[in-house]
Amino acid sequence: MAGAAAEAAWEAVIGLETHVQLGTDSKIFTSASTTFGDEPNTHIDPVVCGLPGTLPVLNQKVLEYAVKAGMALNLQIAEHSKFDRKQYFYPDLPKNYQISQFDEPIAEEGWIEVEVAEKGKDTYLKRIGIERLHMEEDAGKLVHAGSDRLAGSTHSLVDYNRAGVALAEIVSKPDLRTGREAAEYASEIRRIMRYLGVSDGNMQEGSLRCDVNISVRRGPDAPFGTKVEIKNMNSFSAIQRACEYEIQRQIKAYETGEPVVQETRLWDEGKQLTKSMRSKEGASDYRYFPDPDLGPIEVSVEQREAWRAQLPELPGAKRHRYADDLGLSIYDARVLTDERSMAEYFEAAVAAGADPKGVANWITGDIAAYVNANRLSLAELPLKPEQLAEMVGLIDDGTISGKIAKELLPELLVQGGSARATVESKGLGMISDPAAITAIVDELLAAHPEEVDAFRGGKSKLQGFFVGQLMKKTGGKADPKLANQILSTKLKG
């Protein structure tokens, strides 16, 4: 029975095609603007429209960004590559072909490591292979009138503002096996691109778009099944849910004898299901040929190494360093490295002498909550990393308690300034004099003889009552550790 069960086990095979909009001010082959959200068809010119007599010229910043992205994904950068024309006919494509790269892309054969974390399951690391990264121009955008999608619309309009915007298409190997892995992979790609500064990765504006290719097979040694492409996912959670739905749809189809056809499907967020869109084209349908208007792309060794020297420390390397060198938990390292600005804020506070764990707790807790609630960036926060480090130092050296720090923090978040100066001006320093605390404890015990007798009669939890009374009497300023020690000694008689 065990052998039959293993034979019947299904496995998903998933690969992602991720389109990253490169954050250049002008388009890939022309000086037309890439500004998002302006009136339709205001950022077009004869080159974008492919009018007779126009010639495209490669934006050098696009090449730089593509090479840096390739390096960050551990890809091999080609010394020689070229552009090709990909022929297809659709209203959003003004020239009826797209300038892309086919058989000689700018970068090939790389990988990234992703950390797969899911509630109720063990977190694990997985290396995902990357087949290639190539440069291409984006198409325009169809706007369907009378409906939010093609079905049910009365007519469609085309906005060519996006046409010609520079894209880096990143194609993974079919190494992903679950929807969660697919979501984590896409999230890490976005994180890396944002660290590099080559893209803002804004999925709501289409700056990062993912197409999922997915099939199922009976076990890891079986041949691949029929591949289906899924589009129209605008969040990482949508990628996960779309994969999970499609896996079950395909398994059910195979088990009931229904065909699984190679096609493109759309994810319907409202109904939480995939729907057939069109049959999937193959490479031969696009009739690729080298673009005659664009010469070969050469990247010298010297130029390549100059760009490599400009790469920042990437999130994966930071996560390992925070855990291995600074002793942070995997969770803390993951949260702190999600955005480059947060990692830099954290590192600046640690460089100012603060304990890494103490700083991490404040940044990932109260500070992150305040920044998110007020829609601020950490660069705009009045509380500078050095000032946070000072506050953490005051807690560590016993000048203030964590409770006092929490009361102090809201003012520092709004006004910034020296934590030590604020503590001194408000008289918030912790009472650490044993004689002063002993005197207060003696007063409390004398005022509550019944509770003292009950404690000595076995009700040890009453020590918490006395701690609360002590903190109330001192305004929370008593050193908690010292107060507990003195109370414990006095209560035991």
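**Helix packing, a buried aspartate and the cysteines**

In this predicted model, Gln463, Phe466, Val467, Leu470 and Met471 of helix α16 meet Pro480, Ala483, Asn484, Leu487, Ser488 and Leu491 of helix α17, a contact being heavy atoms within 4.5 Å. These contact residues divide into 8 nonpolar, 3 polar and no charged (nonpolar: Ala, Val, Leu, Ile, Met, Phe, Trp, Tyr, Cys and Pro; charged: Asp, Glu, Lys and Arg; polar: the others, Gly among them). Local features need pLDDT of at least 70 and side-chain atom pairs count only at pLDDT 80 or more, while totals for chains, interfaces and linings use all residues. Residues are numbered from 1 along each chain as its sequence is written, and side-chain values use heavy atoms, with hydrogens and water left out.

Helices α16 (residues 462–473) and α17 (residues 480–491) pack at an angle of about 130°, their axes 10 Å apart (helices are DSSP runs of H or I, at least four residues, and strands are runs of E, at least two; axes are lines fitted to C-alpha atoms over the stretch in contact, with angles from 0 to 180 degrees between N-to-C directions). That makes α16 oblique to α17 (roughly parallel is under 35 degrees, roughly antiparallel over 145, roughly perpendicular 65 to 115, and oblique the rest).

Asp291 sits in the loop between strands β15 (289–290) and β16 (297–298). Asp291 is buried, at 4% relative accessible area (buried is under 20%, exposed over 50%, partly exposed in between, with a 1.4 Å probe and protein chains only). Beyond its neighbours within four places in sequence, Asp291 contacts Phe83, Asp84, Arg85, Tyr97 and Ile99.

As for the cysteines, the structure holds 0 disulfides (pairs of cysteine sulfur atoms within 2.5 Å). Cys210 is buried at 2% relative accessibility, and its sulfur lies 9.8 Å from the closest cysteine sulfur, in Cys243, too far for a bond. Cys49, at 24%, is partly exposed.
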